[in-house]
Amino acid sequence: MSEPQEDPVPETAPAPEPAESAHAAHAHADAHPLGFVATLREDFHAVFERDPAAVSRVEVFLLYSGWHAIVWHRIAHALLNAGVPVLPRLISQLSRFLSGIEIHPGAKIGHAFFIDHGMGVVIGETTEIGHHVTLYQGVTLGGTGKERGKRHPTLGNHVVVGGGAKVLGAITIGNDVKIGANSVVLKSVPDSCTVVGIPGRIIHKEAGAAYPEQALDHTALPDPTMERIQGLYEALEALKAEVAKRPRKAPARPRKKTEPKPPEPKADPKADPKTPDSGDGA
């Protein structure tokens, strides 16, 4: 009786796709615009990619306010581009009432867009958002001033904006940028940077970094103030160690204080050198 043969096992497992090719695939997909249905499909899949609490398609479809807001916005934006009056803004206000998220119909948003929780998110009229962008609750992409035209920010691809952050004005946020929670960004930011603070400051830049939305580690941000204090403390400790290594000199003996001699009286040149006689002369 012959023994059962086991299925052949490959000697080596297939190599994982390198990060460079994954980035190239994302770049290729981002360069080609998707249709309306395909864009909504990407938005729906983004929920499961970036929210570990999303486990049911039915639950996400029916109960996720961020998903509802982006669906309503896609419809309102399409109607606005078609020249339909009033209705796009009405849909926007209805979406705001139901979801707590206000997105102007004129805002341009790429695919795979994700709003987590979403309450209090505001996206202005001339805002432009790239692909694979993640916003958390309380984010404002707002304008400054009363001028018409471009007055809201432009976000690149793979940007993560932490809860409560404000990005104001017609500035440009590059690709692969992380903005810390409650930051206020008023100036443009180049690619692959981390921004924190009020006003926002670039505290870290790393070219070729992994997509921020994949890690979702937007809370593990450097603390520039504490880093500077720590640097000063380390410099002080090094200075103390250097001083401790130097040989100590014997203390110098105090010198005895000598009392100064009183000045000699100077003769008055106007006085008569002859001593006057005392009494009457006879």
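Two strands are taken to pair if DSSP finds at least two bridges between them. On this basis, the predicted model contains an open sheet of six strands, arranged in the order β3-β6-β9-β12-β14-β15 with mixed pairing. The edges of the sheet are formed by β3 (114-115) and β15 (201-205), each of which pairs on one side only. Within the sheet, strands β6 (residues 134-135) and β9 (residues 160-161) run parallel and are joined by two bridges. Leu 135 has Val 161 of β9 as its bridge partner.

Aromatic contacts were examined next. A pair of aromatic rings is described by the distance of the centres and the angle of the planes. Three aromatic pairs are present in the structure. In one of them, the ring centres of Phe 44 and Trp 67 are separated by 5.1 Å and the planes are set at 65°, so the arrangement is classed as edge-to-face. Because Phe 44 belongs to helix α2 (residues 36-50) and Trp 67 to helix α4 (residues 65-81), this pair ties together parts that are 23 residues apart in sequence. Phe 44 counts as buried, with a relative accessibility of 11%; Trp 67, at 9%, likewise counts as buried, the cut-off being under 20%.

Trp 67 also pairs with Phe 61: the centres of these rings lie 6.3 Å apart and the planes are at 45°, so this pair is tilted. Ring pairs link Phe 44, Phe 48, Phe 61 and Trp 67 into a cluster.

Technical notes: Residues are numbered from 1 along each chain as its sequence is written. This is a predicted model: local features need pLDDT of at least 70, side-chain atom pairs count only at pLDDT 80 or more; totals for chains, interfaces and linings use all residues. Side-chain values use heavy atoms; hydrogens and water are left out. Rings of Phe, Tyr and Trp (its six-membered ring) pair if their centres lie within 6.5 Å; planes under 30 degrees apart count as stacked, over 60 as edge-to-face and the rest as tilted. Helices (H or I, at least four residues) and strands (E, at least two) are DSSP runs, numbered from the N terminus. Buried means under 20% relative accessible area, exposed over 50%, partly exposed in between (1.4 Å probe, protein chains only).
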